[in-house]
Amino acid sequence: MPVEILSVQPEANAAFARAHDREALKSYYGFTVVWHEQRHDFSAVEDGTTLGVATIEIAASLATVKGVIVAPEARRRGIGRALLAQASDVANYYNCHKMTAEAPHGSAAQAFLEACGYHVEAVLPQHAFKLDMAVLRKFLL
Ligand SMILES: CC(C)(COP(=O)(O)OP(=O)(O)OC[C@H]1O[C@@H](n2cnc3c(N)ncnc32)[C@H](O)[C@@H]1OP(=O)(O)O)[C@@H](O)C(=O)NCCC(=O)NCCS
């Protein structure tokens, strides 16, 4: 009988993933890996009002900036920079060697990340929405 490829709900694959995860990670990275993922959320609050938020995910000693949003009326007050600084401190605490983030190439978001100490390490051509996307990084250690 030919192998069928099915679309399934994530729960349907959980037992298989648990059974094979360890060997697959070792095969993928070339050494034994204990995989651990964390997510950290930050908010910038003034007088009880949230003016900005940020999220990072940590895995494999790498912290990935998943989002930074500052309310339009609160921009250019250093809030985004302060959110990323706090995120860096937390990533550092958890022994991350590097932070990484993506932004459309040439965008205001890229300028913001560069002002926060990030450097472009690659540009992915025709990536999200077919835009060229800059991959930026900041080393922590
Ligand atoms: C990008 C964003 C998070 C910046 O937040 P912010 O609080 O305004 O940023 P800061 O005030 O901390 O800016 C720090 C530095 O980044 C740079 N910067 C920030 N916004 C910029 C913009 N629109 N264009 C160019 N440079 C910018 C500047 O060098 C700025 O320093 P300065 O104001 O002294 O010149 C905010 O504009 C936003 O929420 N945008 C929409 C979502 C988004 O693009 N998120 C970025 C994901 S990486």
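This is a predicted model: local features need pLDDT of at least 70, side-chain atom pairs count only at pLDDT 80 or more; totals for chains, interfaces and linings use all residues.
**Overall fold**

The protein has three helices and six strands. Read from the N terminus, the elements follow the order α-β-β-β-α-β-α-β-β. The domain assignment gives domain 1 as 7-36 and domain 2 as 38-139. The centres of domain 1 and domain 2, taken over C-alpha atoms, are separated by 28 Å.

The radius of gyration of the protein is 19 Å, whereas a compact globule of 141 residues would have a value near 14 Å. The C-alpha trace spans about 60 × 35 × 30 Å along its principal axes. Of the 141 residues, 18% count as buried. Among contacts between residues at least 6 apart in sequence, 47% join residues at least 24 apart.

In soluble globular proteins, nonpolar side chains tend to be buried together. The largest nonpolar core of this model has 23 residues, and Ile 56, Leu 83, Ala 87, Ala 91 and Ala 101 touch the most other members. Strand 2 (49-59), strand 3, helix 2, strand 4 and strand 6 (133-139) each supply at least two residues of this core. The largest share of this core, five residues, comes from helix 2.

Val 65 lies in strand 3. Val 65 counts as buried because 24 other C-beta atoms lie within 10 Å, and the cut-off for a buried residue is 20 or more. Leaving out residues up to four places away in sequence, Val 65 touches Ile 56, Ala 87, Met 99 and Ala 101.

**Two loop residues with positive phi**

Which residue in the loop between strand 2 and strand 3 is described here? That residue is Ala 60, with a phi near 60°, a positive value in a residue other than glycine. Asn 95 is in the loop between helix 2 and strand 4. Asn 95 is not a glycine either, and its phi is positive at about 65°.

| Residue | Other C-beta atoms within 10 Å | Class |
|---|---|---|
| Val 65 | 24 | buried |
| Ala 60 | 15 | partly exposed |
| Asn 95 | 10 | exposed |

Ala 60 is classed as partly exposed because it has 15 C-beta neighbours inside 10 Å, a count between the limits for buried and exposed residues. Asn 95 is exposed because its count is 10, and a residue with 12 or fewer falls in that class.

Technical notes
Residues are numbered from 1 along each chain as its sequence is written. Helices (H or I, at least four residues) and strands (E, at least two) are DSSP runs, numbered from the N terminus. The radius of gyration is taken over C-alpha atoms; the globule rule is 2.2 Å times the number of residues to the power 0.38. Two residues are in contact if their C-beta atoms, placed from the backbone, lie within 7 Å. A nonpolar core is a set of buried Ala, Val, Leu, Ile, Met, Phe, Trp, Tyr and Cys residues joined through C-beta atoms within 7 Å. Domain bounds come from an automatic or database domain assignment.
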